[in-house]
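Reader: I would like to go through this structure one feature at a time. Please start with the charged pairs and then turn to the packing.

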Amino acid sequence: MTQTASIWLVILAALVAANLPFLNERWLLAGPVARGYAKPFWGRLLELFLLYLLVGGLALALEKRAGQIYPQGWEFYAVTGALFLTLAFPGFVYRYLGQRRRTQA
């Protein structure tokens with residue numbers, strides 16, 4: 001796999017992974033369905049963080065396969081975390097802002 005293909009794979013994986021916690025009601029994507037109507041917001045944030053680590057592991061594996069791994073400082077993780085949260089925005093909008101609330105009569 002070329003470096004360009006690896007980069008696009010990581011970007012696509014990040015886009016999909018960032019939106020998954022907001023698009024389903026299962027715990028950790030394959031676990032049991034959350035009790036009640038929806039997962040709590042803190043559960044979605046925890047899943048978002050775990051998926052961030054998973055995509056980071058994929059990126060690290062691809063970088064190791066391509067050659068020497070470059071050491072990163074805290075700035076790298078702050079920027080990639082902010083980028084991951086930005087990629088999660090469509091799922092957040094769909095879950096919390098896009099759906100109309102049904103009124104109970």
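**Salt bridges, a helix face and a core**

Author: The structure, a predicted model, holds three salt bridges.

Reader: Which residue forms a salt bridge with R44?

Author: Side chains of opposite charge can pair when their charged atoms come close. Here R44 pairs with E25, with 3.0 Å between the closest N and O atoms. R44 is in helix 2, while E25 sits in the loop between helix 1 and helix 2, 19 residues apart. Both residues are buried.

Reader: Where does R95 lie relative to E25 in the sequence?

Author: R95 and E25 also meet in a salt bridge, at 3.1 Å from N to O. R95 belongs to helix 4 and E25 to the loop between helix 1 and helix 2, so this pair ties together parts 70 residues apart in sequence. Elsewhere, E47 bridges to K39 at 2.7 Å, and both E47 and K39 are buried.

Reader: Which residues of helix 3 are buried?

Author: An α-helix has 3.6 residues a turn, so residues three or four places apart point the same way. In helix 3 the buried residues are G81, F84 and L87. They fall within an arc of 120 degrees seen down the axis, so they line one face of the helix. That buried side packs against helix 1, helix 2 and helix 4. The face turned away carries exposed V79, L85 and T86.

Reader: How many residues has the largest nonpolar core?

Author: In soluble globular proteins, nonpolar side chains tend to be buried together. The largest core here has 13 residues, L48 and F84 being among those with the most contacts inside it. Helix 1, helix 2 and helix 3 each supply at least two of its residues.

Key: Residues are numbered from 1 along each chain as its sequence is written. This is a predicted model: local features need pLDDT of at least 70, side-chain atom pairs count only at pLDDT 80 or more; totals for chains, interfaces and linings use all residues. Side-chain values use heavy atoms; hydrogens and water are left out. A nonpolar core is a set of buried Ala, Val, Leu, Ile, Met, Phe, Trp, Tyr and Cys residues joined through side-chain atoms within 4.5 Å. Buried means under 20% relative accessible area, exposed over 50%, partly exposed in between (1.4 Å probe, protein chains only). Helices (H or I, at least four residues) and strands (E, at least two) are DSSP runs, numbered from the N terminus. The arc is that of the directions from the helix axis to the C-beta atoms. Contact means heavy atoms within 4.5 Å. A salt bridge is a side-chain nitrogen of Lys or Arg within 4 Å of a carboxyl oxygen of Asp or Glu.
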